[in-house]
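Let's take a walk through this protein together, from its charged contacts out to its surface and overall layout. Have the model open alongside.

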Amino acid sequence: MSLTDLKIKKAKPKEKKYKLYDSDYLYLEIYPNGKKQWIYKYKNIKEFKIGDYPSLGLKEARIKRDELKRDIEFNGLDEVISKIKLKKAEQKKVFSNIVNEWMEVYKKGKAKRSVTTTIQRLQKHILPIFKNKDISKITTKEIYNLLKKAEKPTAEKLKSILNGIFTYAISKEYIKHNII
């Protein structure tokens with residue numbers, strides 16, 4: 001029996017995670033913390049997490065399932081898994097994702113005011129330029145142009161922030177060299 005939007009909205013968390021089944025091996029997993037996640041199980045071989053509810057609704061989840069199923073049937077399961085792994089690896093290299101990871105490390109042991117000013121500098125000066133860019137594709141010329149636009153004390157702080165981010169990226173093997 002297929003799911004409905006009403007059934008999904010009424011689904012409440014329980015002590016253990018549980019599943020609400022839709023059609024054609026699509027189901028919604030509901031976790032004790034209230035998170036709801038769409039999963040497509042291909043021929044009882046491989047599970048694919050295709051999105052979270054409510055950001056991905058029932059109709060969209062069915063569309064994604066159908067696209068994934070067609071892709072597997074056309075290209076093969078191994079090829080699709082390889083593509084997904086590659087896409088995840090590329091997402092890890094997106095500058096804003098690295099900044100988020102770095103901030104979790106940076107925040108530890110720092111004064112709240114220091115963290116707040118760093119976030120403000122990132123949001124005002126750095127992220128508008130590099131947010132969706134692959135960190136390995138950022139050039140020294142782009143960094144230089146960014147720093148040139150800022151006043152000297154701000155430029156020095158921005159350089160320090162960027163150095164921290166690039167050093168972190170090296171430690172995670174997202175890049176090989178710190179261009180700062």
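A salt bridge here means a side-chain nitrogen of Lys or Arg within 4 Å of a carboxyl oxygen of Asp or Glu. Before we use that, a word on ground rules: this is a predicted model, where local features need pLDDT of at least 70 and side-chain atom pairs count only at pLDDT 80 or more, while totals for chains, interfaces and linings use all residues. Residues are numbered from 1 along each chain as its sequence is written, and side-chain values use heavy atoms, with hydrogens and water left out.

Start with Arg65 and Asp22, whose side chains meet in a salt bridge at 3.8 Å, N to O. This pair ties together distant parts of the chain, with Arg65 in helix α2 and Asp22 in the loop between β1 and β2, 43 residues apart. (Helices, H or I of at least four residues, and strands, E of at least two, are DSSP runs numbered from the N terminus.) Asp22 also meets Arg62 in a salt bridge, at 2.8 Å. Arg65, for its part, forms one with Asp66, their closest N and O atoms being 3.0 Å apart. Put together, Asp22, Arg62, Arg65 and Asp66 are linked in a network of salt bridges. The structure holds nine salt bridges.

How covered are these residues? Call a residue buried under 20% relative accessible area, exposed over 50%, and partly exposed in between (1.4 Å probe, protein chains only). Arg65 is buried because its relative accessibility is 6%, and Asp22 is buried too, at 8%. Arg62 counts as partly exposed at 24%, as does Asp66 at 29%.

Now for the surface. Lys35, Lys46, Lys49, Lys85, Lys88, Lys92 and Lys172 form a positive patch; patch residues have over 30% relative accessible area and no salt bridge, with like charges joined within 9 Å and nonpolar side chains (Val, Leu, Ile, Met, Phe, Trp, Tyr) within 5 Å. The elements giving two or more residues are β4 (46-53) and α3 (77-92), and α3 gives the most, with three. Lys172 sits in the segment after α7 (152-171) and is partly exposed, at 44%.

Finally, step back. The chain has seven helices and four strands, running α-β-β-β-β-α-α-α-α-α-α from the N terminus. Its C-alpha trace spans about 65 × 40 × 25 Å along its principal axes, and buried residues make up 34% of the 180 residues.

Technical notes
Accessible areas come from the Shrake-Rupley method with a 1.4 Å probe; for residues, only the protein chains shown count as cover. Lys and Arg count as positive and Asp and Glu as negative; His and the chain ends are not counted. The place of a charge is taken as NZ of Lys, CZ of Arg, CG of Asp or CD of Glu.
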